[in-house]
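User: Before I use the labels attached to this structure, I want to know what each one rests on. Please set the values against the definitions.

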Amino acid sequence: MGETAAMPGEFDFIRRHLQAVRQQDADVLLGIGDDAAIVRPRAGFDLCYSSDMLLAGRHFFADVAPEDLAHKMLAVNISDMAAMGAVPRWVLLSAALPHLEENWLQRFSGSLFGMLKQYGISLIGGDTTRGDWVFNVTIIGEVPQGQGLRRSGAQVDDDIWVSGRVGLAAAALNHIWQRVRLPENLLADCEAARLRPQPRVALGQALLPLAHAAQDISDGLAQDLGHILAASKVGALLEADRIPTLPGLRDCLPEALYDDFILAGGDDYELLFTAAPERRPHILAAAEHSRTPVARIGRITDTGYLKTVRADGSELKLAKQGYDHFA
């Protein structure tokens, strides 16, 4: 991740790159620099906790730009808060780094704190050690008491919705692996989606009074929808041709690969949610207000399983449902 230049020590790194940035948060009573942080939750809110680990060679390439790494590392965690309808408040960052190179650290920290400021989040602690490239973020958010969105609330006859566009990150990754060849104009958009996903925080909060169930798409739309179905003990009819993606992507990919990227590619970090049909106007209004495109892609059934169909009604069978870290 860059050639070794000046080599700051661990505590110098913490002091200069993590502790020096002034963060305004009256609810953080004690931040970085002590044995533990102290925060004061607001009355009337539940706390949501989530943690994600990113490893070089599995979740990111070793030569990734530090700005892109910092963005994605935070985005995947913020997306978890969005799926709960929560406001992200605090993060803890732990990192294993083989060396501390000044220029790389400056670029990484600049992107990190820029994104934290954008979403109103405070970095309150973590850990550093020498080792292979591994990053772990723990994020804490707030949601009005008893209102957090869950996977277990989907109801029969609910609409199934998805935000944004899916399949782009998978297409970019497969282009890098030389399994497909994307035109230059499509590749730019796909790479942006892979490196800089946009967590749907505003939409997630707007869905609190509207959605019955929600989660973000990290491992593939079909697989993540399956988590909602299992938790809610329902089935679904998914209309593959209604799933939003990048115009032109279908034209440059074999059908089987296109289906795989859209339904099982993962790394999308869009919101997948269900809601009663009578909520459609309110959901479209929430999408417009949060400047987030949404599409209705199916409905919840009482079958107990997921059935995916094309526009002509024919059933689509997938070789895999999504990503498996141990496959």
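Analyst: The labels are taken below one group at a time. This is a predicted model, in which local features need pLDDT of at least 70 and side-chain atom pairs count only at pLDDT 80 or more, while totals for chains, interfaces and linings use all residues. Residues are numbered from 1 along each chain as its sequence is written, and side-chain values use heavy atoms, with hydrogens and water left out.

User: What makes the contact between glutamate 142 and arginine 42 a salt bridge?

Analyst: A salt bridge is a side-chain nitrogen of Lys or Arg within 4 Å of a carboxyl oxygen of Asp or Glu. For glutamate 142 and arginine 42 the N to O distance is 2.8 Å, so the pair meets the definition. Glutamate 142 is in strand 6 and arginine 42 in the loop between strand 2 and strand 3, 100 residues apart. Helices (H or I, at least four residues) and strands (E, at least two) are DSSP runs, numbered from the N terminus.

User: Why is glutamate 142 called buried, and what is arginine 42 called?

Analyst: Buried means under 20% relative accessible area, exposed over 50%, and partly exposed in between, with a 1.4 Å probe and protein chains only. Glutamate 142 has 1% relative accessibility, so it counts as buried. Arginine 42, at 37%, counts as partly exposed. Both residues also belong to a network of salt bridges that links Asp27, Arg42, Arg89 and Glu142.

User: How many salt bridges does the whole structure hold, and what are the values for arginine 250 and aspartate 241?

Analyst: A search of the whole structure finds 14. Arginine 250 and aspartate 241 form one at 3.0 Å, N to O. Arginine 250 has a relative accessible area of 35%, so it is partly exposed. Aspartate 241 is at 35% as well and therefore counts as partly exposed.

User: What makes a set of residues a nonpolar core, and which residues have the most contacts inside the largest one?

Analyst: A nonpolar core is a set of buried Ala, Val, Leu, Ile, Met, Phe, Trp, Tyr and Cys residues joined through side-chain atoms within 4.5 Å. The largest has 53 residues, and Leu112, Phe135 and Phe273 have the most contacts inside it. Elements that give two or more residues to this core include strand 3 (45–55), strand 4 (87–97) and helix 9 (280–289). Helix 2 gives the most, with 10 residues. The core draws at least three residues from each of domain 1 (22–144) and domain 2 (158–309). Apart from it lies another core, of 36 residues, among them Leu168 and Ile243.

User: Where do the two domains come from, and how many residues of each are in contact?

Analyst: Domain bounds come from an automatic or database domain assignment. The C-alpha centres of domain 1 and domain 2 lie 25 Å apart. Contact means heavy atoms within 4.5 Å, and 22 residues of domain 1 are in contact with 20 residues of domain 2.

User: Why is glycine 120 called partly exposed, and which residues does it touch?

Analyst: Glycine 120 is at 48% relative accessibility, so it counts as partly exposed. Not counting residues up to four places away in sequence, glycine 120 touches Pro88 and Arg89. Its place is in the loop between helix 3 (102–119) and strand 5 (122–130).
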